[in-house]
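Here's a quick look at how one model is packed inside. Have the structure open as you read.

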Amino acid sequence: MSRSDRLDDMHWGVVALGVAIALAMQVAITLLVLNPLAITLSWTAVVLVELCIAAGAFVSGWRARRAALLNGLMAGLISAVISLLATVIQTPAQVDMLNVLFLFVTFGVMGLLGGVLGGYSRTRRAAQAHR
């Protein structure tokens, strides 16, 4: 499969939907749970944010007809860019190379995981429907 074939399999609307869902969940959890409990800088907050990214990538993988893995990965990485920009605007002193690397690696892994699970769920459901 050539590079242009893989890019043709990308569904940018689906990726945008996954990013929107991930960021909406992240904002809702931050405002409703993390801020009231004052745990915005704990590992609990990191896990909840990562689950939001995985959920958005799952939607991207689920809605994509092909290349669920690639669609989920792109949703995760675009979410990482948006989170990095939000962090730089709010607290630029907390941004260093290790934090940026951690952000992109974890969001990428969650994007891959969500995309794979979404694609697997879709193909499994389709296979059961044909029985």
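## The cores

Which residues make up the largest nonpolar core? There are six: Ala22, Val49, Ile53, Ala80, Leu103 and Phe107. A nonpolar core here is a set of buried Ala, Val, Leu, Ile, Met, Phe, Trp, Tyr and Cys residues joined through side-chain atoms within 4.5 Å, with buried meaning under 20% relative accessible area (1.4 Å probe, protein chains only). The elements giving it two or more residues are α3 and α5; helices are DSSP runs of H or I, at least four residues, numbered from the N terminus.

A second, separate core has five residues, including Met10, Val19, Leu23 and Ala75.

Leaving out residues up to four places away in sequence, Phe107 touches Val49, Glu50, Ile53, Gly76, Ser79, Ala80 and Ser83 (contact means heavy atoms within 4.5 Å).

Among the buried residues of α3 are Val49, Glu50, Cys52 and Ile53. The 21 residues of α3 should span 30 Å at 1.5 Å a residue, and its end C-alpha atoms are 30 Å apart, so the two agree (the expected span is 1.5 Å times one less than the number of residues).

## Model notes

This is a predicted model: local features need pLDDT of at least 70, side-chain atom pairs count only at pLDDT 80 or more, and totals for chains, interfaces and linings use all residues. Numbering runs from 1 along each chain as its sequence is written, and side-chain values use heavy atoms, with hydrogens and water left out.

How values were computed: Buried < 20%, exposed > 50% of the residue type's maximum accessible area, 1.4 Å probe, protein only.
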